[in-house]
Amino acid sequence: MINLKLISKILGSLLFLEAGLMLMCLLMASYFKEDDVMAFLISVIVTLLFGFVLKYAGGHADNALGRRDAYLVVTLSWTVFSLFGTLPFLISGYITGFTDAFFETMSGFTTTGATILDDVEAFPHGLLFWRSLTQWLGGLGIVFFTIALLPSMVGGSVRVFAAEATGPISSKLHPKLSTSAKWIWMVYLLLTVACIGSYVACGMGWFDGINYAMSTTATGGFSTHNTSVEYFHSPAVEYVCTLFCFLSGINFTLFYASVVKLRPKQLLTNSEFRFYLVVVLSLTVFIMIELMIQNGYDLEHAFRCGLFQVVSFLTTTGIFNDDAGQWPHVTWVALALCMFIGACSGSTSGGFKSIRGVMLLKIIKNEFKHILHPNAVLPVRINGVNIENNRRLTLLSFLTMYLVLSLVCSFTMIACGIDNTNAITITLSALGNVGPSLGLEIGPTMSWNSLPDFAKWMCSFLMLVGRLEIFSVLVIFTPAFWKNN
């Protein structure tokens, strides 16, 4: 039976956390003395009030969180966070429709970075900071952050982590999950601080530096300017952005073990990292050549734009330094491939994940061998670890659901009048938490505001499903989930 009291207690506690984040934005709004101060004040009060109500409803619930409870609490946490995250936008009046406000907030928390705002620069500093903060928190996970901060708040934390973690293989730094979470968040924080310092050193102001750093390390994509990084006209800023997006696309557990513990060989011998690196380099070279031949770019400009966009799409960041909508259409195929693949598991990026790409290639390789040697027993080994048959079946199930969702949602959008290219890339972008689209009606530098409301709700659902790795959300809609046995 679902432990509703415990779930209510956890959600109430998480709302206290969200109110604390809104309080930070209230201080930011007060510092700049803009018209969003009252909106954040009311949002903090309302969020705290509902937090107390849910906490009280939880009463003296025990901390025995079952497997079904864990999946339900994770999905509800992201949904409830997004619902209350709409308050500052709606109360301030800068976003008037609930659909648009929910889309923007869900896009932030899931680090998708797609926006319905046509003029970001018209927003006050507090709301801009709130947008950046939502994606920074969502980068490694709302509940994962809570486990690191207050491990006693979330009972059954291992099950919760399994429901929220990205990738088919979860690894820990320490036997105690809360300790692992603290170390990973420490790496994330240090990476963010280093990114802020690098941006400021390149000439950004401190406010822009903080916001773009949160967007970069969370691989989110929200920016404080309509033209994103292109606004600064600085190759140095673009290279810094590319570097930190790339680093944020590496598995954080591997990043800690190889960089913080000074074991670089562990990084270079890792199958997933090498796959990730090969994809970046090969597609960068391909796009660079196309831009030089077709668009007349010089070598450095072509390399910088190609590398930036490949890393941005592959890590599902979505920040841009050039309008890829004006590039040769064959480069769109390469960028769409980046959308689908994604960076490493255990990172802040979305997509199918590089580790699954490695697993699929090894399975295909074994299948060719099996045709020639039908009686051979061929293990699938990744980094010296044998992948069990049940994990291989899970991989194929995940790929099937990924493709089915992409096809169904793309077909629905096309049937409702959205052009083919946009319908397909919008679906891939939302499901992979990428952000930009590829097309003429809604290009990579445009907002998604022109989409009909039903499409915005569909995309919001795809963002949540994509961030929580599909099955964690969809399992809730199966009859078996709600049966007591």
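Where does V434 lie? V434 sits in the loop between α19 (420-431) and α20 (453-467), helices being DSSP runs of H or I with at least four residues, numbered from the N terminus.

Before the close-ups, keep in mind that this is a predicted model, in which local features need pLDDT of at least 70, side-chain atom pairs count only at pLDDT 80 or more, and totals for chains, interfaces and linings use all residues. Residues are numbered from 1 along each chain as its sequence is written, and side-chain values use heavy atoms, with hydrogens and water left out.

View 1. V434 is buried because its relative accessible area is 0% (buried means under 20%, with a 1.4 Å probe and protein chains only). Skip the neighbours within four places in sequence, and V434 still has contacts (heavy atoms within 4.5 Å) that include T112, G220, F313, T316 and M339.

**View 2. The annotated binding site.** An unreviewed UniProt entry puts the feature "binding site" at T111, T112, G220, T316, T317, N433 and V434. These residues are spread over 324 residues of sequence, yet they cluster in space, with a largest C-alpha distance of 8.3 Å. One caution: UniProt annotations may be inferred rather than shown by experiment.

**View 3. T316 in its loop.** Look for T316 in the loop between α15 (299-314) and α16. Its relative accessibility is 0%, so T316 counts as buried. Leaving out neighbours within four places in sequence, T316 touches T111, T112, T219, G220, S349, G350, G351, G432, N433 and V434.

View 4. S349 belongs to the loop between α16 (329-341) and α17 (354-372). Is S349 buried or exposed? S349 counts as buried, because its relative accessibility is 4%. The side chains of S349 and S347 are joined by a polar contact of 2.9 Å (a pair of N or O atoms within 3.5 Å, where, within protein, one must be able to donate a hydrogen and the other to accept it, and residues adjacent in sequence count only if both atoms are side-chain atoms). Beyond neighbours within four places in sequence, S349 also meets T219, T315, T316, A343 and C344.

**View 5. Helices α14 and α16.** The axes of α14 (residues 271-294) and α16 come within 10 Å and cross at roughly 165 degrees; axes are lines fitted to C-alpha atoms over the stretch in contact, and angles run from 0 to 180 degrees between N-to-C directions. That makes α14 roughly antiparallel to α16, a label for angles over 145 degrees. Among the residues that meet here are F275, V279 and L283 in α14, and V330, A334 and I341 in α16.

Notes
Helix = DSSP H or I, 4+ residues; strand = E, 2+ residues; numbered from the N terminus. Buried < 20%, exposed > 50% of the residue type's maximum accessible area, 1.4 Å probe, protein only. Parallel < 35°, antiparallel > 145°, perpendicular 65-115°, else oblique.
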